[in-house]
Amino acid sequence: MIRSMTGFGSAEVVEGGASVKVEVHSVNGRFLDLKVKLPKCFFEYEGELRKIAQNYVDRGRVNVNMSISLSSARATAVRLDYELAARYMSLAGELARIHGLEHQMDARTLLSLPDILSWEEDPVSGESHWDMARKAANAAFEAHRAMREKEGDAIGKDVRERLNAVGAHLDEIGCRAPEIVQANTARLRKKIESLVGSDTFDEVRFAMEVALYADRLDITEECVRFRSHNALFAQELDDKKTSGRKLSFLLQEMNRETNTIGSKVMDAEVAGIVVRIKEELEKMREQTENME
């Protein structure tokens with residue numbers, strides 16, 4: 001199964017007036033680069049959250065954001081900043097004196113001024129809410145994986161089509177290769193006869209030279225290896241857990257064989273086919289870079 005490394009998933013669990021929300025988003029990367037952002041009350045559970053993430057993701061740059069809110073939170077203590085209150089009173093008296101106003105700062109007005117009162121709310125217990133956080137995390141990663149699998153299906157379809165196109169191009173080269181040898185042999189014979197004359201033409205020596213020439217042009221081994229890589233690539237695409245790293249390696253080997261074929265066979269038509277193969281391989285490489 002093909003999974004993209006790019007995806008997003010979110011989930012929220014609400015129980016008993018508390019809500020825990022988890023968001024997961026990822027992009028491609030060579031290795032697993034996991035960044036976690038947690039509320040302070042869950043800091044001690046970061047290791048467990050990382051283990052949950054590793055059950056769902058093998059590689060890529062992954063960001064996990066978790067938040068918690070308590071609708072039932074209430075104030076347990078109210079504090080009055082006496083120093084700030086005295087400062088407010090002093091400033092009000094000074095202002096009244098300067099402008100000849102009556103100083104009528106009462107307690108209600110004073111308590112309504114900024115930062116005079118502060119509230120301390122019930123502390124959030126990570127231990128009592130971690131079960132909710134765990135459920136939310138698993139659900140978010142499930143959604144994240146579902147999105148990556150959907151994108152992976154689209155990637156797999158595109159890569160398979162290109163792999164078939166590469167195989168068809170390789171068959172074209174295989175059919176063309178014997179014709180190239182025959183055409184070059186005829187051209188070489190004609191050139192030698194024009195230089196030495198048909199009466200002094202050495203058929204035995206010519207046959208040896210043609211054999212050596214044909215051996216240098218022979219691309220049988222390259223085509224066999226190329227087809228082997230193609231078969232392994234197709235097999236890996238159908239595997240239960242497709243490896244993007246393995247596919248990238250096979251593409252490197254295909255590209256190597258393509259270069260060898262292009263350097264061996266000096267033919268304009270084959271050169272054009274080689275270019276088309278390299279174009280397909282490059283597009284396949286771009287797709288496999290986003291496979292897990």
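Predicted model: local features only at pLDDT ≥ 70, side-chain atom pairs only at ≥ 80, totals over all residues.
C41 has a relative accessible area of 17%, and buried means under 20%, so C41 counts as buried. I then checked C223, which is buried too, at 6% relative accessibility. I searched for disulfides and found zero in the structure. For my own reference, a disulfide is a covalent bond between the sulfur atoms of two cysteines.

**Sheet.** I traced an open sheet of four strands and wrote down its order as β1-β2-β4-β3, with mixed pairing. Its edge strands are β1 (7-15) and β3 (32-37), each of which pairs on one side only. From one strand to the next, I noted an average twist of 10 degrees. I looked at the pair formed by β2 (residues 18-27) and β4 (residues 60-70): the two run antiparallel and are joined by 10 bridges. Within this pair I found E23 opposite N65 in β4.

**Helix on the sheet.** I followed helix α1 (residues 46-56) and saw that α1 lies across β3 and β4. Relative to β3, helix α1 runs at about 140 degrees.

**N290.** I located N290 in the segment after α8 (268-288). Is N290 buried or exposed? N290 is buried, because its relative accessibility is 13% and the limit for buried is under 20%. I listed what N290 touches, leaving out residues up to four places away in sequence: R3, S4, M5, T6, N28, E151 and I155. Two side-chain polar contacts went into my notes: N290 to S4 at 2.9 Å, and N290 to E151 at 3.3 Å.

Technical notes: Residues numbered from 1 in each chain as written. Heavy atoms only, no water. Buried < 20%, exposed > 50% of the residue type's maximum accessible area, 1.4 Å probe, protein only. Polar contact = N/O pair within 3.5 Å; in protein donor to acceptor, adjacent residues only side chain to side chain. Contact = heavy atoms within 4.5 Å. Disulfide = S-S within 2.5 Å. Pairing = 2+ DSSP bridges. Axes fitted to C-alpha atoms, helices over the stretch in contact; angles between N-to-C directions.
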